[in-house]
Structures are given as C-alpha cells and as structure tokens.
Amino acid sequence: MQTLLPNGVYPPLPTFFDAQENLDLFTLQRHMRALQESGIAGYVLLGSNGEAAHVTSEERAQLVSTAREVMDESPDTLPLIVGCGDQATRTTIAHCQLAAHSGATIALVLPPFYFRGRMDSQALLKHYRAVADASPIPILLYNMPANTAGLDMDVSLICQLAEHPNIIGLKDSSGNVAKMASIVAQAPIDFCVFAGSASFLLPSLAIGAAGTIAALANIFPHEVCLVQALFEAGQLEEARALQARLIPTNTAVTTTYGVPGLKAALEILNGYGGRPRMPLQPLSPSEREQLSRLLATTPMDAAHV
C-alpha cells in the first residue's frame, strides 16, 4: 500500500475560475506544472481547497481529465487523489466511479454531515464500507470537523475502517496529534495517516504520520517538503525552525482567509489565482494588503514555486 500512496507532501489544488466563474483549466495545468519539480509526492484535486462543493459532476470529470493530462507528461508516476465525498452514499459512490473513469488513482472521502444528529459511528461505518466496496479506486478517509458541522470521527471508527482492504489511509485535519498517534499505533501498518495542515506537520511526523495534505504546499511547496526532508534526515532543530516560520502564513491561507486567501496568495506570489466561485468572495483590499505584507516578511530557505 505504501507504494500506492508514498510518504510525502500533497498539495490540495485550488479549482481556478475565470472572471465569469467558468473553469480555468489552463491555469490549473500551469499551477500543476509549476509544482512538479518542488518535491511533492502527488496531487489532490477537489478537496476543500478545490471548492468541491461548488462544481458540477461534468466539471468534476473535466478537472480530473485535465489534471491527468499534466501528470501523464511526466515519467514519474504520482498519485492523483480526488475528493469524492457527498451527503448520500450512492452519490459518493458515483463520484468515486466518475473520478476513476477520468483518471484518478485514489478517492478522498469526507463523511456525510447534513443529518449530523444521525451520523453516529454505525451509520458512518456502514456508509464508508459501502463506498469502499463499490469504489473502483482505493479510499482515503477525510476527517475535517471544521467543514462537517463538528463531526469528528473517533479512533475506534477509523481503526475499524482501516481494516477494509480498499481503505488505505486518512487525512486528519482536526489538529489532534494525540488522536493521530493512537490511530497510527492501532491501525494496520500499511494504513497511511496524513496531517491535514502544514501547521502541525512536524509533530505529526514525530508520531508516525506519512506526510501532509496541506494548502500551504500550493504556495511554499519547497519549504513544506523541506520540513519532512529535514525530519527524515534527523535534522530536528532545522525542521523545528522551519516549521515555526511556516505557521503564520499557513494560518493566513487556512483559518483566517481560507480559499480566497489561498488564491490571493498565489496571485501575489505567482501572478495567477483568480476569484473563488460564489457565494465565496475574494479578499477585500485591506485583507489583501495584510496578506501581501505577511508573505513579503515570511523568511524562507528555498525558492518559491
């Protein structure tokens, strides 16, 4: 399983739109090519940072096929992880099937949360097992309480799901490193646990995580990869110093400004980014100025993308 999903850093790609909010596939390919030589282990498409909730099924297929074109240009075989979670089990399965048909290698599945009060462990267990049974590609669980009305999958549920042969890992964005440590200790050895943010990458690696799926890797991919490389080389002081420098910028493009902030950061640093799709709004001029100042004063060790 480890060869299917190698350890390392996976940027969750934004979905780019033009001024009329139509897909901007050219910019998606431009961004993916810019990231290719940065040391990343693969790509994530249609996650939370990819505004998955804002795209249609037809657009999903277009995005995956477009990403696949870029990946097929490279001699390296990198995973393409695609967000497939939805509120109904059958819709989630349909997303997995569509993603596989369009060129995805792994499905990232957020739990259903609309009927939050009824989504107990048994309901989620049955949901994920049904999806894993039917999906033509392996499943990566996605635990993100901030985006699922506070639904936080517990250790017991995750470890039960980890026994399924088509469920190969977890992206955990809760920030609970102690919980992640329990999962690493109890799940099968080939079950990969990824930190859901660069802000806690180093402590996650210390308890046995495989890497991270982190928004910050879109704008500072070399530096996020370097944290993991320094850790694996035993250079812990250097890794700690770099991890600390990444946290303010990571907070800005996640908790503080979210997807609009990530797109604004890409525009400030790289000259592309564009608007989010409504109802999300772009940053205000004052927010953009604050973000620009932060990016300008963030000391880094490696060149930007």
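Author: Helices H8 and H9 are roughly antiparallel to each other. The model is a predicted one.

Reader: Why are H8 and H9 called roughly antiparallel?

Author: Helix H8 (residues 221-232) and H9 pack at an angle of about 155°. Angles over 145 degrees count as roughly antiparallel, and H8 and H9 therefore receive that description. Their axes are 8 Å apart, and the crossing of H8 and H9 is left-handed.

Reader: Which residues make the contact of H8 with H9?

Author: From H8 come Glu223, Val224, Leu226, Val227, Leu230 and Phe231, and from H9 come Leu236, Glu238, Ala239, Leu242, Gln243 and Leu246. By class, this contact of H8 with H9 has nine nonpolar, one polar and two charged residues.

Reader: What makes H9 and H10 oblique to each other?

Author: Helix H9 (residues 236-256) and H10 pack at an angle of about 135°, with their axes 6 Å apart. Angles over 145 degrees count as roughly antiparallel and those of 65 to 115 degrees as roughly perpendicular, the rest being oblique; H9 and H10 are therefore oblique. The contact is formed by Ala252, Val253, Thr254 and Thr256 of H9 with Gly258, Gly261, Leu262 and Ala265 of H10. Its residues are four nonpolar and four polar, with no charged residues.

Reader: Why is H10 oblique to H11?

Author: Helix H10 (residues 258-270) packs with helix H11 (residues 285-296) at an angle of about 60°, and their axes are 10 Å apart. Roughly parallel requires an angle under 35 degrees and roughly perpendicular one of 65 to 115 degrees, so H10 is oblique to H11. The crossing of H10 and H11 is right-handed. On H10 the contact is made by Gly261, Ala264, Ala265, Glu267, Ile268 and Leu269, and on H11 by Arg288, Leu291, Ser292 and Leu295. These residues divide into six nonpolar, two polar and two charged.

Reader: What joins Met278 and Pro279, and where does Pro279 lie?

Author: A cis peptide bond joins Met278 and Pro279, with omega about 15°. Pro279 lies in the loop between H10 and H11.

Reader: How do you know whether Thr254 counts as buried, exposed or partly exposed?

Author: Thr254, which is found in helix H9, has 28% relative accessibility. Buried means under 20% and exposed means over 50%, with partly exposed in between; Thr254 therefore counts as partly exposed. A polar atom of the Thr254 side chain lies 2.6 Å from the backbone oxygen of Asn250.

Reader: What makes Ser135 buried?

Author: The relative accessible area of Ser135 is 8%. The limit for buried is under 20%, so Ser135 is buried. Ser135 lies in the loop between helix H4 (121-134) and strand S5 (139-143). Not counting residues up to four places away in sequence, Ser135 touches Cys96 and Asn166. A polar atom of the Ser135 side chain is also 2.6 Å from the backbone oxygen of Ile137.

Reader: Why is Glu51 called buried?

Author: With a relative accessible area of 3%, Glu51 falls under the 20% limit, and so Glu51 is buried. Glu51 lies in the loop between strand S2 (43-45) and helix H2 (57-72). Phi of Glu51 is near 50°, a positive value in a residue other than glycine. Glu21, in the loop between strand S1 (8-10) and helix H1 (25-35), has a positive phi near 70°.

Reader: How do you know that Arg90 is exposed?

Author: Arg90 has a relative accessible area of 73%; exposed means over 50%, and Arg90 is therefore exposed. Arg90 lies in helix H3 (residues 89-102).

Reader: Why does Ala146 count as exposed?

Author: The relative accessibility of Ala146 is 71%. Because exposed means over 50%, Ala146 counts as exposed. Ala146 is found in the loop between S5 and helix H5 (155-162). The C-alpha atoms of Ala146 and Ala52 are separated by 15 Å, and these residues are 94 residues apart along the chain.

Definitions and conventions. Residues are numbered from 1 along each chain as its sequence is written. This is a predicted model: local features need pLDDT of at least 70, side-chain atom pairs count only at pLDDT 80 or more; totals for chains, interfaces and linings use all residues. Side-chain values use heavy atoms; hydrogens and water are left out. Axes are lines fitted to C-alpha atoms, for helices over the stretch in contact, and angles run from 0 to 180 degrees between N-to-C directions. Helices (H or I, at least four residues) and strands (E, at least two) are DSSP runs, numbered from the N terminus. A crossing is left-handed if the near helix is turned anticlockwise from the far one by less than a right angle, and right-handed if clockwise. Contact means heavy atoms within 4.5 Å. Ala, Val, Leu, Ile, Met, Phe, Trp, Tyr, Cys and Pro count as nonpolar, Asp, Glu, Lys and Arg as charged, and the others, Gly among them, as polar. Buried means under 20% relative accessible area, exposed over 50%, partly exposed in between (1.4 Å probe, protein chains only). A polar contact is a pair of N or O atoms within 3.5 Å; within protein, one must be able to donate a hydrogen and the other to accept it, and residues adjacent in sequence count only if both atoms are side-chain atoms.
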